[in-house]
Amino acid sequence: MQALQVLSLTLLSILTANAQTLRPGKCPQPPVQANFDAARYLGKWYEIKKLPAVFQKGECTTATYSLESPGVVGVLNRELLADNTVSAITGYAKAKDPSEPAKLEVTFFEDSPPGNYWVLSTDYEGHSVVYGCTDILGTFHADFAWILSRESTLSEEKLEELDKVFTSNGIDIDVMTVTNQSQELCADMPLWA
């Protein structure tokens, strides 16, 4: 039992030091977008806000979704790092249960478990509110949350409205950060990579 506690504390220390958002207890189970249509979701989305995550360190972040095969969505995530290099990763997403198409699982590495990508709200043409969560040893959970837009900005009024999708479902977004999508910074980001 003591070894498990030491392992848990070590894991928590590593995740916390790497800016991961950890919370006590199990993952919340918020409702997702009704009648989600993955075909309408395809295309490019700009990250507007996010909860800090160990795997995201850049700005100018975009996600591009494409149809790979029936029921499988290709994922291309790109970001501009502080040293002006582009970090890109590809993967795929699919609904674990076809009766809940807004509860996607995304995989970037074949030998690792998929991550949750739950579309809580989208109008397909302007915004998307996305949530993911991973239970850690039944004691804590790591939250992942994003506000995405088809454009590189959203109004403050719209952001306040979208923040409420999280908070009304018990998802703490107090440490959510704004992603820099400024023209000055992002204009020179190459289309490739």
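## Exercises on disulfides, rings and a pocket

Cys27 and Cys133 form a disulfide, with their sulfur atoms 2.1 Å apart, where a disulfide is a pair of cysteine sulfur atoms within 2.5 Å. The model is predicted, so that local features need pLDDT of at least 70 and side-chain atom pairs count only at pLDDT 80 or more, while totals for chains, interfaces and linings use all residues. Residues are numbered from 1 along each chain as its sequence is written, and side-chain values use heavy atoms, with hydrogens and water left out.

**Exercise 1.** Determine the handedness of the disulfide of Cys27 and Cys133, and state which parts of the chain the pair ties together.

*Solution.* Begin with the torsion about the S-S bond, which is about -90°, so the disulfide is left-handed.

**Exercise 2.** Find the partner of Cys60 and the pattern that the disulfides follow.

*Solution.* Cys60 is joined to Cys186 by a disulfide with an S to S distance of 2.0 Å. This pair links distant parts of the chain, with Cys60 in strand E3 and Cys186 in helix H4, 126 residues apart. Both Cys60 and Cys186 are buried. Counting bonded cysteines along the chain, the pattern is 1-3, 2-4.

**Exercise 3.** Classify the ring pair of Phe36 and Tyr124.

*Solution.* Rings of Phe, Tyr and Trp (its six-membered ring) pair if their centres lie within 6.5 Å, and planes under 30 degrees apart count as stacked, over 60 as edge-to-face and the rest as tilted; the count comes to 8 aromatic pairs. For Phe36 and Tyr124 the centres are 6.1 Å apart and the planes at 25°, so the pair is stacked. Phe36 and Tyr124 are 88 residues apart, and both are buried. Ring pairs link these two residues into a cluster whose members include Tyr41, Trp45, Phe144 and Trp146.

**Exercise 4.** Describe the residues of the lining of the largest pocket by class.

*Solution.* The lining divides into 29 nonpolar, 10 polar and 3 charged residues, where Ala, Val, Leu, Ile, Met, Phe, Trp, Tyr, Cys and Pro count as nonpolar, Asp, Glu, Lys and Arg as charged, and the others, Gly among them, as polar.

Conventions:
Helix = DSSP H or I, 4+ residues; strand = E, 2+ residues; numbered from the N terminus. Buried < 20%, exposed > 50% of the residue type's maximum accessible area, 1.4 Å probe, protein only.
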